[in-house]
Amino acid sequence: MKTHSQVAIIGGGVVGCSVLYHLTKLGWTDVTLIERSELTSGSTWHAAGGFHTLNADTNMAALQGYTIGLYRELEEISGQSCGLHHVGGITLAGTPDRMDFLRAERAKHRYMGLDTHLVTPEEIRELSPITNTEGIIGALYDPLDGHLDPSGTTHAYARAAKKQGAEIILRNRVLQTRPRMDGSWELITEQGNLIAEHVVNAAGLWAREVGEMAGVYLPLHPMEHQYLATEKIDEVINHSTELPHVMDPEGESYLRQEGQGLVIGFYEQQCEPWAVDGTPWEFGHELLEDNLERIGDAMANAFVRYPVLAKAGIKQIINGPFTFAPDGNPLVGPVPGVTNFWSACGVMAGFSQGGGVGLILAEWMIEGEPSRDVFAMDVSRFGDYCTKSYTRLKVTENYQRRFSVSYPNEELPAARPFHTTPAYGIWQQQNAVFGSGYGMEQVNYFAPSGEEPYEIPTFRRSNAFTTVAQECNAVRTAVGINEIHNFSKFEVTGDGAGAWIDTIMAGRMPNPGKLTLAPMLSPKGRIIGDFTISMLGENEYQMNASYAAQSFHMRWFEQHLPDSGVKIKNISQQRIGFQIAGPNSRELLSRVARGEVSSDALPFLGVKPMQIGPCQAIVQRVSYTGDLGYEIYVPANQQVALYSELIAAGKDLGLRPFGMRAMMSLRLEKSFGAWLREFKPDYTPMETGLNRFLAYNKAANFIGKDAALAEKLKGPSRKLCTFCVDADDADAVADEPIWHDNKVIGFVTSGGYAHYSKKSVAIGFLPVELIEPGREVEIEILGDRRRAVLFTETLFDPDATRMRG
Ligand SMILES: Cc1cc2nc3c(=O)[nH]c(=O)nc-3n(C[C@H](O)[C@H](O)[C@H](O)COP(=O)(O)OP(=O)(O)OC[C@H]3O[C@@H](n4cnc5c(N)ncnc54)[C@H](O)[C@@H]3O)c2cc1C
């Protein structure tokens, strides 16, 4: 066996072979795939082989489109058939909410260039005469859906890669992976040792075990999954063309033609996590014992939906395991905490997603960053909170919800509450309705007393509408209090801390006692963070960003930390507190804090250590509400004491707690962007307006400087704008298409109702040549094109006198 390779991929399933192919396609040919047995020896060999583009995340959907489009290219290069059947697919809607969901999906597809369309029950029967459309309102038809031969496709990737220089070593289990001083790895395998600059974990069913070899935990879990194939069916034989796929989400099944019979698979509620304590090494080409009882309800539904099944004999039942991450999307990218160790696992739909996963990982390894935002499948979107049992509970929930409608305001119940702050009990007593982000409970809003604390999932305005309006009103007319635990916080200390931050961040550095807003850019000049940086002392800084991105950001920091001097610590859970915001917030602060809080003593963007009651706090004069406001940080174990001080002093000032729903409404009327909505690696500073915080001329050669300067010279072709929408009972949320002159010319990044201004608002991209105040466009919300008017002044406090005063 060879002893050196630039890359060693562990695992020869469809994903490992796709990574191998894409590395060669993008130019790395010294690449080796090591497979324990034969190719396809994990989940891959027993897959049903279906593929589709539907995915709630638009970039994931685009990558699924890429995967499907790739198969012809693969067949040509490899000379190996993938066994493609492009038969199209129908997703049925049996409820009005499902129809809303499909309408929203269809709308997204317009600007993604996907040719899906909505069909009526009559059209469904024409396309698939074996489908009983009783109770069906309509469906989404996707001509790209189809199925293939899983083994042929995996071998096509492998052959194409080999033709381009890759090597595949079969029947050779990797036993250990050892990190070396220079960042490379030594792989101990059954056939000898191999040194590789990079290791890719594509071990599928054994990805947890291969992760453990490198000392990391990958949050994924295998689940059992059953499908069955029937004997010949006359109605199938007699149909003139191959039948399309039919997805019946309400019935929890998917169906397709296989030869002259049918294949039907189920995502059942009584599902079964498999190999909870680890995947046995001897498992391979066997199937699991079938369990028809578990899919009894789903089968009963299927007999009604497809009456031909009732008289069809069952030829074969397949029960096999495959892996899921807690949210059902893959785990891809550099694994946090280790060097040159990459993840390509947790891929639950290898034939829809495998090509995209291979492409993205190859770009990331070769070019240093992927060509688009892939946070939805970035392994770093999960953090330490993802314990083994949390993962199992969430994966089970995800499996059960595979066919559920996803609502924009929905909060999923499994494994909750999990992480909480000391204030959790206080909020509970006030009838809080909680959401969860990155494992942490956060208040969405406070339900009126006597009402069940539950927000009903919907695509339209929810039962929280009136209460959220009252919370917004309290902030704008008196003072509101809300927790600030859903910012991440990093403490940066040590010799050279400031100089290091200056190269990592594209913004200006703060002076002592001040904070600045600073975008963080990738080398290609794309936005990978929107931070506030506070200078707390010499060589002491606090950097805040999105709580959900803390592992993503920490990975970046660790990759760029100098060898000595600078220390960085994630203190997101240790340093928490509250923000107080609104016209009475200064008066409230003056009542509780020792020392001056006038606008001279604590000006806008000022930072100051202050004593508040018994607490030693850090007070920052800034608020994401866009109002006069303060963020007050204390050690977590002082949070309740801080709350008591503020609540006692704020009684006669109209102090009222508010939640994240109000927070998002308030930031919209200031046109403030949010992470992963307006600010993400798909966008650049000039497109999003973050260029105003860029210090293009600073001495530090910050990451992304050249690209940012080039963009400044050239100018962007699109820019974010804010619109007032003539909405009815549903506001824009994100990803809705923007129409002009009967053409889709942009899309919404976020939207909602600005309660204080009483306007439905959307933020979205428009080509620069169309941007002018008063420009009329249409935004498609749940299938209706709604008039929307572009405005340039913010709805609230346009000259910022309140915020800065
Ligand atoms: C019943 C069923 C039906 C399915 N239907 C579909 C479908 O219709 N469409 C779809 O897209 N997906 C489907 N899937 C899912 C699909 O099978 C998976 O998404 C896909 O196979 C994952 O591929 P992989 O390469 O990540 O993992 P795997 O196929 O598990 O491959 C991992 C490989 O790594 C090797 N390996 C592990 N550890 C080591 C080691 N230490 N050293 C060397 N080699 C190692 C293994 O031997 C194995 O070959 C289905 C799955 C099941 C179970």
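A polar contact is a pair of N or O atoms within 3.5 Å; inside the protein, one atom must be able to donate a hydrogen and the other to accept it, and residues adjacent in sequence count only if both atoms are side-chain atoms.

A word on ground rules. This is a predicted model, where local features need pLDDT of at least 70, side-chain atom pairs count only at pLDDT 80 or more, and totals for chains, interfaces and linings use all residues. Residues are numbered from 1 along each chain as its sequence is written, and side-chain values use heavy atoms, with hydrogens and water left out.

Let's start with the ligand. Which backbone atoms come within reach of it? For leucine 205, a polar backbone atom is 3.2 Å from an oxygen atom of the ligand. For alanine 48, a backbone N or O atom lies 2.9 Å from a ligand nitrogen atom. Glutamate 35 uses its side chain instead: a polar atom there lies 2.6 Å from a ligand oxygen atom. On its own the ligand exposes 1,000 Å², and the protein buries 97% of that (accessible areas by the Shrake-Rupley method with a 1.4 Å probe; for residues, only the protein chains shown count as cover).

How many residues surround the ligand? There are 39, and the closest are Glu35, Arg36, Thr44, Gly50 and Val347 (near means a heavy atom within 4 Å). They divide into 20 nonpolar, 16 polar and three charged; here Ala, Val, Leu, Ile, Met, Phe, Trp, Tyr, Cys and Pro count as nonpolar, Asp, Glu, Lys and Arg as charged, and the others, Gly among them, as polar.

Now to the strands. Helices (H or I, at least four residues) and strands (E, at least two) are DSSP runs numbered from the N terminus, and two strands pair if DSSP finds at least two bridges between them. Six strands close into a barrel, in the order S32-S35-S34-S33-S36-S37, with antiparallel pairing. Between strand S32 (residues 718–725) and strand S35 (residues 759–767) there are eight bridges. If you want one to find on screen, valine 725 has serine 760 in S35 as its bridge partner.

Finally, there is an open sheet of five strands, ordered S23-S24-S25-S22-S26 and also paired antiparallel. Its edge strands are S23 (515–521) and S26 (567–570), each pairing on one side only. Strands S24 (residues 527–537) and S25 (residues 540–546) are joined by five bridges, and serine 534 has glutamine 542 in S25 as its bridge partner.
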